[in-house]
Amino acid sequence: GKIDTILVKDLSRLGRDYICVGDYLEQIFPVLGIRFIAVNTNYDSNQFLGKTMGLEMSIGNLINTLYSKDLSKKYKTAIQTKWKQGISTSGFVPFGYLKEPNSTHKWIIDPVAGKYVRLIFELAMQGYTTKMIAEHLNENDIPTPGKYRVMISGSGCWNRIVSDHEWLWETEIVWRVLKNYSYTGALVHGKTTGITVGGRERRTTNKKDQFIVENVHPAIVTVEEFEKAQETIR
């Protein structure tokens with residue numbers, strides 16, 4: 001009862017999903033008693049009370065959907081071109097690295113966290129399990145990636161307040177570090193992919209379908225050391 005009318009420039013400003021927009025115009029807004037007006041489309045829901053939005057509106061809505069999917073494909077292609085060139089498009093860098101000053105995509109080894117990552121791999125190559133590694137790190141008061149990020153930036157990276165004693169290494173955190181091929185100096189992108197164009201659902205990508213470019217940034221471990229650590233945790 002708080003909203004009486006929704007006024008937009010054209011129908012695409014409400015949405016570009018053909019089915020979802022149709023549900024709002026023909027079912028949700030009428031039930032809520034909300035008037036919807038799209039100026040450039042010459043649509044006023046008061047003129048369609050008890051009716052469907054019409055063939056012209058349906059076609060226009062469908063065109064908006066196709067246009068949105070086409071933009072999504074073009075954007076994805078542009079991003080993948082950068083990946084193939086070894087250009088990172090991620091806003092974050094893995095634990096153990098820092099963004100190079102005056103650069104948006106180049107990484108350098110963090111002199112402190114890089115040693116922690118190196119230690120994790122060395123312990124794995126010595127036969128330590130992920131549980132043993134986590135215990136060793138906790139006993140030596142080595143900060144987890146989340147805690148370290150807060151320590152150097154002063155800003156939280158959690159969606160809840162966590163006391164310091166809860167920020168402990170667990171087997172899963174150790175496993176994520178050991179499985180990250182980026183520590184060999186390679187740039188890895190496309191680990192997940194969308195199930196549908198424009199959809200939010202994602203799934204893990206097979207390694208053969210990922211975008212991996214070798215020797216992009218300084219390596220913390222060699223490829224041989226990485227593979228040896230994989231054999232241990234496997």
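Trainee: Which residues form one aromatic cluster in this predicted model?
Mentor: Rings of Phe, Tyr and Trp (its six-membered ring) pair if their centres lie within 6.5 Å; planes under 30 degrees apart count as stacked, over 60 as edge-to-face and the rest as tilted. The model is predicted, with local features needing pLDDT of at least 70 and side-chain atom pairs pLDDT 80 or more, while totals for chains, interfaces and linings use all residues. Residues are numbered from 1 along each chain as its sequence is written, and side-chain values use heavy atoms, with hydrogens and water left out. One aromatic cluster is formed by Tyr97, Trp107, Phe121, Tyr181, Tyr183 and Phe226.

Trainee: Are the rings of Phe29 and Phe36 stacked or edge-to-face?
Mentor: The structure holds twelve aromatic pairs. The ring centres of Phe29 and Phe36 are 5.7 Å apart and their planes lie at 20 degrees, so this pair is stacked.

Trainee: Does Phe36 count as buried or exposed?
Mentor: Buried means under 20% relative accessible area, exposed over 50%, and partly exposed in between (1.4 Å probe, protein chains only). Phe36 has 1% relative accessibility and therefore counts as buried.

Trainee: Which helices hold Glu225 and Arg118?
Mentor: A salt bridge is a side-chain nitrogen of Lys or Arg within 4 Å of a carboxyl oxygen of Asp or Glu, and Glu225 forms one with Arg118, the closest N and O atoms being 2.8 Å apart. The pair ties together parts that are 107 residues apart in sequence, because Glu225 lies in helix 7 (residues 223–233) and Arg118 in helix 3 (residues 113–125). Helices (H or I, at least four residues) and strands (E, at least two) are DSSP runs, numbered from the N terminus. The helices asked for are helix 7 for Glu225 and helix 3 for Arg118.

Trainee: What separates Glu172 and Arg176 in helix 6?
Mentor: The side chains of Glu172 and Arg176 meet in a salt bridge, at 3.2 Å from N to O. Both residues lie in helix 6 (residues 171–178), four residues apart, so their separation is about one helical turn.

Trainee: Which elements give two or more residues to the nonpolar patch?
Mentor: Tyr18, Ile19, Leu62 and Leu66 form a nonpolar patch on the surface, with about 390 Å² of accessible area together. Patches take residues with over 30% relative accessible area and no salt bridge, joining like charges within 9 Å and nonpolar side chains (Val, Leu, Ile, Met, Phe, Trp, Tyr) within 5 Å; accessible areas come from the Shrake-Rupley method with a 1.4 Å probe, and for residues only the protein chains shown count as cover. The elements are helix 1 (18–32) and helix 2 (55–84).
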